[in-house]
Amino acid sequence: MLYLLDARHEVEERLLREWVDQRSPGRCSGGATPAEMMAVHLEGEIEATGLSARLDAASEHTEVVPLRVMWTPAGGTERSGPRLRDLLIGDPRRPSARLARLTLARHPERATVIAGASATVGELRERLVDAPDHNGHCVPAETFGGFVARMGSITLDVAERRQTGRRYKVPRAVIPGIEASAGFREAVAVRADELGKHPADVAAEARRYLTEMVATPSTFFIDWMGASTRKITSLGYERIVTDPERIAAARAQVADHPSALLWTHKSHIDGIALLSTLYENDFPAPHAMGGLNIAFAGVGTMGRRSGIIFIRRSFADNPVYKLALHQYLAYLMEKRFPLSWSFEGTRSRTGKLMPPRYGLLKYTLDAAHATGTENLHLIPVSINYDLIGEAAEYAGEEVGRAKQSESLSWFVGYLQRLRSPLGRVYLDMADPIVLEGPAPEPTKAQVASIAFEVARRANALVPVTLPALMCTALMGAAPGALTLAELDVTMRTLMSWLRSRNVRLAEGLAVEDDELVSLAELVFAKGIVTRHLDGDQPVFSIEEAQHPVAGYYRNTIIHYFVNRAMIELALLAAAEADPASAALVGEAFWDELLEVRDLLKFEFFHPPTDEMNAVVDRELRDVDPAWRDRLASGPDGARQLLEAMNPRVAHATLQPSVEAYWVVARWLADQGAEPAGERKAVVKASLGAGEQAFLRRQITTRASIGKQLFTGAHSMLGDRSLLGGEGDDADADDLARRRAELADRLGARVRRLAELRRMTLEDTAPDLVGGPGTAARGEVRY
């Protein structure tokens with residue numbers, strides 16, 4: 001037997017030798033020595049130890065057994081976390097020689113010898129021949145000593161994790177491992193030929209990028225991240241609410257398959273909440289991808305040591321950076337280290353799920369295909385909040401206010417702002433999207449389809465919170481106020497409908513009254529909802545300045561109402577059809593439904609057509625099982641169906657999108673056939689046009705004014721070839737006509753939303769409709 005003593009210093013070597021001596025069975029018959037020991041730090045420089053020479057001289061039947069000293073920190077392995085003094089004197093799990101002596105003198109029980117899985121020299125040689133690197137090429141035979149050392153280190157890590165937990169799985173010697181692969185060298189040669197550079201120069205540049213991006217997690221910083229993320233999250237939030245069964249299922253998937261956790265991004269704290277949850281639930285430390293812009297002083301170093309991969313926001317024009325990232329992801333996939341990133345790419349400033357970014361997903365799928373990775377699991381993670389501290393900041397950015405740059409002082413200030421009650425965090429994991437078998441070479445359509453499905457599954461897990469539901473109800477009445485009874489009826493009606501659709505309601509909507517009141521008090525304290533307590537009864541409203549903030553919370557759950565809202569708009573369009581053409585009313589309904597669905601495809605994740613048809617049937621069957629006959633009877637039948645719908649939600653949910661699209665379309669129509677210009681210029685002009693439209697009460701709320709909404713409108717106009725510009729040979733008169741027609745059709749929908757608001761308030765708050773000061777209350781005068 002040959003014992004490989006993974007010793008960092010003489011203290012550990014002495015402990016390991018004593019352990020072997022105590023278990024040595026003595027000499028075998030014939031005088032052969034049964035056990036030999038070789039001190040070698042398995043993560044260090046291998047060849048200098050003479051390991052390769054020792055292995056070459058050994059019998060093929062010699063059994064190689066790796067040994068290591070495992071050190072347990074004070075207070076247990078899970079909940080203690082690093083202490084401040086550990087930053088000064090060293091990691092208690094990987095102590096220096098001096099710290100090891102002190103620990104043995106005071107707490108000898110904290111040192112335990114562990115053994116990794118053993119194998120004979122012959123078996124190891126066979127594995128070397130059969131072991132491909134992460135690009136499918138055989139490892140050269142001359143690296144046998146390094147191969148044995150790496151296998152020993154891996155088996156020791158596995159043995160140690162059986163006692164400490166799976167959260168401490170970390171990669172070893174990543175950059176040398178990548179550079180040693182034949183696949184990396186081939187990729188460098190190809191790229192050098194493409195760029196007309198020497199391969200050595202490309203390899204050196206790739207190493208610089210790898211050094212910048214490669215995470216170097218350690219047990220100490222994994223513990224540090226676990227403790228610090230738990231502390232940061234608790235500054236403003238009571239706790240993180242999870243589904244134990246879903247968490248357990250995801251943990252098993254991550255342990256057994258190559259995987260990536262793709263999470264929604266609404267706050268600076270999203271990644272922090274996710275890391276805290278993974279640590280608490282013994283997930284392997286993920287390689288989370290973050291922007292290089294937040295790798296500022298201190299945070300970057302500690303982030304890399306805890307598993308964060310800092311990547312540049314833009315590298316489309318840097319082929320060597322792409323090469324380095326591709327090779328790194330390939331390595332992590334082959335070694336089964338879970339990846340993690342925000343699939344939206346940036347924080348949502350509107351509350352709605354942002355369109356997914358394809359870049360990181362594409363590179364991950366490319367890496368999986370290059371390595372022949374099988375059964376890649378993409379796990380959508382939905383992260384939501386009762387309240388977030390940045391909503392007002394986002395509202396300001398949406399109307400053109402400059403975004404504050406991230407820095408260490410900014411981060412400290414952000415932590416200070418978190419020190420106020422914000423309710424709960426809700427984190428859930430959806431069923432994974434599994435690429436069964438070897439990952440195929442991804443096409444553009446496949447990447448888009450996978451990203452859409454990730455978004456759809458994440459959206460389905462969003463809980464309806466009390467603040468979101470309250471803002472939805474009050475924004476439907478804004479700028480008017482609702483009495484407590486009116487607000488209560490409106491919210492209960494919405495909740496009843498949501499339950500009938502199996503939509504998840506957050507804890508705050510299913511607890512005792514005192515907790516509901518407590519959460520409502522937070523909403524009032526933040527100034528989102530105003531209570532007016534004078535008069536004969538209290539009334540509740542959203543001040544004009546708070547419309548964008550309230551709209552943010554409303555938008556977090558808006559996707560649950562979109563299909564129903566589009567049906568309402570289509571019914572009203574059918575009700576306005578020519579009574580003399582009753583046979584065409586049904587056609588008018590479907591035409592309007594499909595037109596609005598296509599119009600808003602850049603705002604929402606619509607279901608497939610057959611699923612949408614089933615939704616229409618479900619919603620209208622609840623109103624009248626014979627709804628098709630009723631609709632076919634003429635405009636009056638369509639209006640009867642609409643009036644019988646309860647709740648009606650179009651005015652409270654679609655109004656911002658439709659009004660924003662109308663603002664941009666009308667501005668463009670005013671340009672005649674002139675080219676629209678670049679997107680940023682269109683958005684900037686639309687911000688001014690939107691403010692003017694609001695002041696003239698042509699739109700109802702400032703929540704309809706925002707960069708993201710106007711960006712969606714710009715995409716819609718481009719999709720309909722209405723932007724004009726170089727290379728567009730459309731007839732000028734025809735372009736101007738089509739622009740004007742679209743603005744008119746959108747204006748008609750703005751008017752219909754106002755009519756739907758009036759109809760709904762007549763049922764729920766009749767005092768807000770038709771009385772003195774109606775125009776001042778925000779009736780649209782389009």
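**Chatting through a predicted model**

Biologist: Let's start with Val682: buried or exposed?

Modeller: Buried, because its relative accessibility is 2%. Here buried means under 20% relative accessible area, exposed over 50% and partly exposed in between, using a 1.4 Å probe and protein chains only.

Biologist: Before we go on, what should I know about the model?

Modeller: It is a predicted model, so local features need pLDDT of at least 70 and side-chain atom pairs count only at pLDDT 80 or more, while totals for chains, interfaces and linings use all residues. Residues are numbered from 1 along each chain as its sequence is written, and side-chain values use heavy atoms, with hydrogens and water left out.

Biologist: Thanks! Which helix holds Val682?

Modeller: Val682 is in helix 30. Helices (H or I, at least four residues) and strands (E, at least two) are DSSP runs, numbered from the N terminus.

Biologist: And what does Val682 touch, apart from residues up to four places away in sequence?

Modeller: Val682 touches Val664, Trp667, Ala676, Gly677 and His714, where contact means heavy atoms within 4.5 Å. Trp667 is 15 residues from Val682 in sequence, and their C-alpha atoms are 9.0 Å apart.

Biologist: What angle do helix 30 and helix 31 pack at?

Modeller: About 125 degrees, with the axes of helix 30 (residues 679–695) and helix 31 (residues 707–719) 9 Å apart. Axes are lines fitted to C-alpha atoms, for helices over the stretch in contact, and angles run from 0 to 180 degrees between N-to-C directions.

Biologist: What do you call that arrangement, and which hand is the crossing?

Modeller: Helix 30 and helix 31 are oblique to each other. Angles under 35 degrees count as roughly parallel, over 145 as roughly antiparallel, 65 to 115 as roughly perpendicular and the rest as oblique. The crossing of the two helices is right-handed; that is the case when the near helix is turned clockwise from the far one by less than a right angle, and anticlockwise gives left-handed.

Biologist: New topic. Where is Glu12, and what does its side chain do?

Modeller: Glu12 lies in helix 1 (residues 10–23) and counts as buried because its relative accessibility is 0%. Its side chain makes a polar contact with the side chain of Trp71 at 2.9 Å. Such a contact is a pair of N or O atoms within 3.5 Å; within protein, one must be able to donate a hydrogen and the other to accept it, and residues adjacent in sequence count only if both atoms are side-chain atoms.

Biologist: How about helix 23: how many of its residues are buried?

Modeller: 14 of the 14, so helix 23 is largely enclosed by the rest of the structure.

Biologist: And helix 12? How many are buried there?

Modeller: Helix 12 (residues 270–280) has 10 of its 11 residues buried, so it too is largely enclosed by the rest of the structure. Among the buried ones are Asp270, Leu274 and Tyr279. After helix 12 comes Asp282, with a positive phi near 60 degrees.

Biologist: Last one: what about the chain overall?

Modeller: The protein chain has 32 helices and 16 strands, and 54% of its 782 residues count as buried. Its C-alpha atoms fill a box of roughly 110 × 65 × 50 Å along the principal axes.
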